[in-house]
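This report walks through a sheet and the helices packed around it. Please keep the model open while reading.

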Amino acid sequence: MKRFNIVLIILLSLTLSGLLFLRWKAREEPAVPVIAETAPPTPVPTAAPTPAPAPVVTPTPPPTPVPTLFNPPQGYTEESYNLVSDMVYAYADRQDDAAEIIRDDLEQLNALDPALGALWGKIMPLWSEINRALVIHDSVLPDGLPEDESLCIVVLGFQLYPDGSMAEELRGRCETALRCAEKYPKALIAVTGGGTAWQNPNATEAGVMAAWLTEHGVDASRILVEAESRTTADNAVFTSALLRERHPEVKSLAIVTSDYHMPLGVLLFQEEALLAEYETGTLPFSVVSNAALDTGGRISPDTPMMQRSYLWSIADPKY
């Protein structure tokens, strides 16, 4: 019995020890949290992304035009003006005997202003060549000129009678122009000359010529009327401006006037073309031929001294 009690006590002790051990372990292990199921979060609407601002593009300015002349014109200085004046007066007074003076003046002018030197390096030989060797065609233009609209026949005017009617010489120039117009039926015809009839202010040399030509079969659409000029220099300046503005297709001029007047007419129109080249870098046209009214030698050609005043009235910036 005593042994039984001892065994019982041992079993109770072991049982109690086990319970105490299990309780101690429960305190050591953390409880597992219970997670309740939740609904997924409602998505929050977002605004559409703001587009990035377009890049600011600064327009590129067009390139500055490059002058077509190697040395663009600078205009006259006092020194260059005096050199040109010296050349002009020397040739007018002495013609080819002034060659050395002209050559020296041109050298100095080229050193001062190459563009101005190039201009007068063309005008001075042109002037001399026209007076020495210009071929004047009688009554009608020669063969071989352009057959299209690039040719313009320029008819220079002549003093009207006081009542506005044609002088016989002007009629002869118109007859010469008519033959030229018939030979070159696609050419433009420019008539030039202002009012010179003191009893009839409405009459102009160009207007009278245009009326005569249309009456004799020339289509009015072919006729360009310049009716403001009073001198041959004006004829060249005003007609050239109209051609450049309205008929840039014209590249060749043929001058019609009286035989004694032809050297001056050719000189001034070609000079005006060279001045335009000096200013713009492009030669607008060239005088390529002529047709003259034969006056039978009754009037002597203009002298270089007379030519000088007209040439200088076109080219002289102080005129």
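## Helix H8 over the sheet

H8 lies across S1, S4 and S5, and runs at about 160 degrees to S5. The model is predicted. Angles over 145 degrees count as roughly antiparallel, so H8 and S5 fall in that class.

Helix H8 spans residues 262-280, and Ala-273 sits within that span. How accessible is Ala-273? Its relative accessibility is 0%, so Ala-273 counts as buried. Beyond residues up to four places away in sequence, Ala-273 touches Leu-283, Pro-284 and Phe-285. Ser-240 lies 33 residues from Ala-273 in sequence, yet the two C-alpha atoms are 7.6 Å apart.

## The five-strand sheet

The sheet is open and has five strands. Their order is S3-S2-S1-S4-S5, and the pairing is parallel. Which strands stand at the edges? They are S3 and S5 (286-293). Each has a single partner strand, so one side of each is left without a neighbour in the sheet. From one strand to the next, the twist averages 20 degrees.

## Strand S4 and its partners

S4 covers residues 252-258 and runs parallel to S5. How many bridges join S4 to S5? There are seven. Leu-253 is placed opposite Val-287 of S5. Ser-258 is likewise placed opposite Leu-293 of S5.

S4 also pairs with S1, again in the parallel sense, over five bridges. Here Val-154 has Ile-255 of S4 as its bridge partner. Is S4 mostly covered or mostly uncovered? It is mostly covered: seven of its seven residues are buried. In a regular strand, side chains alternate between the two faces of the sheet.

## H7 against H8

The axes of H7 and H8 come within 9 Å of each other. They cross at roughly 45 degrees. H7 and H8 are therefore oblique to each other. The crossing is right-handed.

Which residues meet where H7 and H8 touch? On the H7 side they are Thr-232, Ala-233, Asn-235, Ala-236, Val-237, Thr-239, Ser-240 and Arg-244. On the H8 side they are Leu-264, Gly-265, Leu-268, Phe-269, Glu-272 and Ala-276. An α-helix has 3.6 residues a turn, so residues three or four places apart point the same way.

The side chains of His-247 and Glu-249 make a polar contact of 3.0 Å. Leaving aside neighbours within four places in sequence, His-247 is in contact with Leu-188, Leu-224 and Leu-242.

## Helix H6

Helix H6 takes in residues 205-215. Its buried residues are Glu-205, Ala-206, Val-208, Met-209, Ala-210, Trp-212 and Leu-213. What covers them? The cover includes strand S1 (151-156), helix H5 (168-183), strand S2 (188-192) and strand S3 (223-226).

Gly-217 follows H6. The phi of Gly-217 is positive, near 100 degrees.

Technical notes. Residues are numbered from 1 along each chain as its sequence is written. This is a predicted model: local features need pLDDT of at least 70, side-chain atom pairs count only at pLDDT 80 or more; totals for chains, interfaces and linings use all residues. Side-chain values use heavy atoms; hydrogens and water are left out. Helices (H or I, at least four residues) and strands (E, at least two) are DSSP runs, numbered from the N terminus. Buried means under 20% relative accessible area, exposed over 50%, partly exposed in between (1.4 Å probe, protein chains only). Contact means heavy atoms within 4.5 Å. Two strands pair if DSSP finds at least two bridges between them. Axes are lines fitted to C-alpha atoms, for helices over the stretch in contact, and angles run from 0 to 180 degrees between N-to-C directions. A polar contact is a pair of N or O atoms within 3.5 Å; within protein, one must be able to donate a hydrogen and the other to accept it, and residues adjacent in sequence count only if both atoms are side-chain atoms. Angles under 35 degrees count as roughly parallel, over 145 as roughly antiparallel, 65 to 115 as roughly perpendicular and the rest as oblique. A crossing is left-handed if the near helix is turned anticlockwise from the far one by less than a right angle, and right-handed if clockwise.
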